[in-house]
Amino acid sequence: MHSLYIHIPFCRQACHYCDFHFSTTLKRKSEMTDAICKELILRKQEASGSELQTIYFGGGTPSILSSDELQRILQTIHENYAVSVDAEITLETNPDDFFRESTSPVGLLTNLKQLGINRLSIGIQSFYDADLQLMNRAHNACQAENLLRQASEFFDNISIDLIYGIPKMDNERWKQNIQKALSFNVPHISAYALTVEPNTALHKFIASGKLPNVNDKQAHEHFTTMIALLEQENFIHYEFSNFGKQDYFSRNNTAYWFGKKYMGIGPSAHSFDGVKRSWNIANNIKYIKQIQNNIIPAQHEVLSVNDRYNELIITRIRTMVGIDIKEVYSVFGKKYADYLQSQANKHLNQGVLILKDNHLVTTLKGKFLSDGIAADLFMVD
């Protein structure tokens, strides 16, 4: 088992675009912490004989947990799992959690550092209040900037999230967002195109005409602008949505993209052991009750050969390494390698893929089209 993911299913308020599993009711936070600790104990044999290289607290909003709750979870991990001495331990955070009346940013940052957290992933999304209000984020631009200033005194390894393609965001404001991020000297930036998911507030606002729809052409302009600006500052575009300075790539996410085994703990969390995928129930109350009864509330799926091939395609095509044809041949056989090369030919001719050291890699023209290209390379049952 290479990586451990802990899903913290709580947020102070619902972002208009989000369709992840979370609750804005915090009254079961302590019970959930207990349940997460118990699931860790119930499943420790799955990681027997291996040493965890990454631990990732995602959500939801993990920074909503108290220092004591985080400590309980981390202590349970260290008591029941072998953890590498240089493991990457990431906590997703929201700026507003550091600026509440009872919270001292310096005190909280100090506590996180002392607990062993060594990487922060901060959900900035935008440095403009109008964008944050449109998305119904709980923080404001001033809080985002203040947190980055203070966090950099405690943490060297900081990643920030930005969102592009926001309605009414022109290219100039997007440039200013990137330049603002660069001014804080963060070594990693994750940037995501705003997507309209069904049953979200954003979807309803667009359907009712309250907001204009996402403009794909504008999002593409933002994407290419971002690549140019970040590469000028020595960021490496190592995965479709991720840019890092040398030695600051996300080790946790890289493990997912390259098929490493991982365990997901908490409601809605997914796990993968190389052949089988499982996912916990996406219901906080049911999750807690079943864990209390020593039941892992998960469904399982054994991936077919086609499933595993298609998963390799969709994850690797998003990376700067691309799809290794020799690896496809070694893992899946001649049939799959020949099929891949045959399907790739038209994309090579169109200039959206190139063949580099026997790897199929997207060009700048092809990066924004990578999901569509991948679908064309899939093996259909």
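**Close-up 1. Cys18 and its closest cysteine neighbour in the predicted model.** The sulfur of Cys18 is 6.2 Å from that of Cys15, the closest cysteine sulfur, and this is too far for a bond. A disulfide requires two cysteine sulfur atoms within 2.5 Å, and by this rule the count comes to zero disulfides. Cys37 is likewise in no disulfide; the nearest cysteine sulfur, that of Cys11, is 20 Å away. Cys18 is partly exposed, because its relative accessible area is 22%. Cys37, at a relative accessible area of 10%, is buried.

**Close-up 2. Hairpin of strands β14 and β15.** Residues 353-356 make up β14 and residues 359-362 make up β15. The two strands pair in the antiparallel sense, over four bridges. Lys356 has His359 of β15 standing opposite. Two residues lie between the strands of the hairpin. In the turn, Asp357 has a positive phi of about 50°.

**Close-up 3. Helix α10, its ends and its buried side.** The helix covers residues 284-292, and its buried residues are Asn284, Tyr287, Ile288 and Ile291. These residues are on the same side of α10, because they cover an arc of only 95° around the axis. The packing partners of the buried residues are α1 (29-42), β9 (262-265) and β11 (276-280). After the helix comes Asn294, with a positive phi near 65°.

**Close-up 4. Aromatic pair of Tyr164 and Trp174.** The count of aromatic pairs in the model comes to 14. In the pair shown here, the rings of Tyr164 and Trp174 are 5.6 Å apart, centre to centre. The angle between the planes is 50°, and the pair is tilted. Tyr164 belongs to strand β5 (residues 158-164) and Trp174 to helix α6 (residues 171-183), so the pair ties together parts that are ten residues apart in sequence. Both Tyr164 and Trp174 are buried. Together with Phe223, Phe240 and Phe368, they form one aromatic cluster.

**Close-up 5. Aromatic pair of Tyr309 and Phe332.** The ring centres of Tyr309 and Phe332 are 5.8 Å apart. Their planes stand at 90°, so the pair is edge-to-face. Tyr309 is in helix α11 (residues 305-316) and Phe332 is in helix α12 (residues 325-332). The two residues are 23 residues apart, and the pair links distant parts of the chain. Tyr309 is buried, as is Phe332.

Close-up 6. Ile124 counts as buried, because its relative accessibility is 0%. Leaving aside neighbours within four places in sequence, the residues in contact with Ile124 are Pro95, Leu132, His139, Ala144, Leu148, Ile160, Asp161 and Leu162. Between Ile124 and Asn140 the C-alpha to C-alpha distance is 9.0 Å, with a separation of 16 residues in sequence.

Conventions:
Residues numbered from 1 in each chain as written. Predicted model: local features only at pLDDT ≥ 70, side-chain atom pairs only at ≥ 80, totals over all residues. Heavy atoms only, no water. Pairing = 2+ DSSP bridges. Buried < 20%, exposed > 50% of the residue type's maximum accessible area, 1.4 Å probe, protein only. Arc of directions from axis to C-beta. Contact = heavy atoms within 4.5 Å. Polar contact = N/O pair within 3.5 Å; in protein donor to acceptor, adjacent residues only side chain to side chain. Phe/Tyr/Trp six-rings, centres within 6.5 Å; stacked < 30°, edge-to-face > 60°.
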